[in-house]
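Please look over the predicted model below with a view to its backbone geometry and its sheet. The questions that follow take up single residues before turning to larger elements.

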Amino acid sequence: MRFVVLGAGAIGSVLGARLARAGHDVHLVGRRAHVDTIRAHGLRVRTPDGEDVVRLDAVTTIAALAARPIWSEVDAVVLCVKSQDTAGALRELARHAEPELPILCAQNGVANEDTALRMFANVYGVLVACPTAYLEPGVVRAYSAPVTGVLDIGRYPHGRDAFAAQVSRVLSGAGYGSEVYADITAYKYGKLVTNLGNAVEALCGPNARGGNLDRLAMDEARTVLFSAEIHAEFAPVSPLVQVRPVGGERRPGGSSWQSLYRRTGGIETDYLNGEIVRLGRLHGVPTPVNAELQRAANRLVVSGGEPGSVSELELLRAVVDGRGPGPGHRKTD
């Protein structure tokens, strides 16, 4: 198959490399520094078992690809940008692509598929559970073995079809676990609940993941989803997904942590914790924990603070007091 990966960060770059190694035609669209390094030296994929250099076509804009004859032969676009960048990426794509082109939303959150459906007729949700990292141009790390991760798929808003089954087989052949779900939206809501801890990790560090703040955010989300009559399914974690060190180092943090580390100028919290806040406001359910995590994450982006630099205790106090710690508040506990 011929894929365009739009958003060549950690997930997108590793996926592109795996698909290319499996014999598929892959074109990456990413940031300038990453693309320039891939063109000059190839994409370095580091895993628990070593390092591989994969030669891939990489460009910085969809327009650059659309000018080539191969554009008419693209089978699907895999959307891997962060949710805050989805609308802009899709608007640019829609200027060059037919509305029937399949869009695979391999992203966290639940807003991306609906945004895509405004411009494209064939939209697929992809449930992403892939421990990866992108910390420097031209280099990505995949921490899971023997499979790279899980990429389950389903037609949006619901249903199975032959194309989803075909893509699932391709993903399985490229080293991922992949199932086809008739109700992919329910599974993505389940993943949303677990992703609420991304902000906790980004703000307070990996040791805070699974702690009191994380649990309170998830409890709040379950109450909100129940009130909104939204069903959330939690996909079983494949026993083949085993997180191991790469080069003797553990994964430093998830996608939100990496956004702060790389100082990208944005963070996905508005579409994770912020989604729970939005639903809470719609259905009259207070969401003080997720609202504080959302505010604190955005403040840290603006202040240019380091990931893991905010005190979990101060955030808990802020929730209780109804106030937030000031910008750049440092850990004291």
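Q: Is Glu229 buried or exposed?
A: In this predicted model, Glu229 lies in the loop between helix H9 (212-227) and strand S13 (241-243), and its phi is near 55°, a positive value in a residue other than glycine. Most residues other than glycine have a negative phi. With a relative accessible area of 75%, where the cut-off for this class is over 50%, Glu229 is exposed.

Q: What is the relative accessibility of Arg263, and how is the residue therefore classed?
A: Arg263 lies in the loop between H10 and H11, and it has a positive phi of about 50° although it is not a glycine. Its class falls between the limits of 20% and 50%, so that Arg263 counts as partly exposed, at a relative accessibility of 47%.

Q: Which side chain of opposite charge is nearest to Glu268?
A: Glu268 lies in the loop between helix H10 (255-261) and helix H11 (273-283), where it touches Lys82, Ser83, Gln84, Asn108 and Ser255, leaving aside residues up to four places away in sequence. A salt bridge would require a nitrogen-to-oxygen distance within 4 Å. Glu268 is buried yet has no salt bridge, and the nearest side chain of opposite charge, 5.2 Å away, is that of Lys82.

Q: Which strands stand at the edges of the open sheet of four strands?
A: The sheet has the order S4-S3-S10-S9, with mixed pairing. Each edge strand has a single partner strand, so one side of each is left without a neighbour in the sheet; these strands are S4 (50-54) and S9 (132-136).

Q: At about what angle does helix H1 run to S10?
A: Strand S10 (residues 139-142) pairs with S9 in the antiparallel sense over three bridges, and Thr132 stands opposite Ala142 in S10. Helix H1 (residues 10-21) lies across S3, S4, S9 and S10, and its angle to S10 is about 80°.

Q: Which residue takes a positive phi in the hairpin of S9 and S10?
A: The hairpin has two residues between the strands. The positive phi, near 85°, belongs to Gly138.

Q: What is the omega of the peptide bond between Tyr156 and Pro157?
A: Pro157 lies in the loop between strand S12 (150-155) and helix H6 (162-173). The bond that joins Tyr156 and Pro157 is cis, and its omega is about 5°.

Q: Over which residues does pLDDT stay under 50?
A: The mean pLDDT of the chain is 95, and 97% of its residues reach 70 or more. Where pLDDT is low, the predicted coordinates should not be read in detail. The stretch with pLDDT under 50 covers residues 324-333.

Conventions:
Residues are numbered from 1 along each chain as its sequence is written. Side-chain values use heavy atoms; hydrogens and water are left out. pLDDT is the predictor's confidence in each residue, from 0 to 100. Contact means heavy atoms within 4.5 Å. Two strands pair if DSSP finds at least two bridges between them. Axes are lines fitted to C-alpha atoms, for helices over the stretch in contact, and angles run from 0 to 180 degrees between N-to-C directions. Buried means under 20% relative accessible area, exposed over 50%, partly exposed in between (1.4 Å probe, protein chains only). Lys and Arg count as positive and Asp and Glu as negative; His and the chain ends are not counted.
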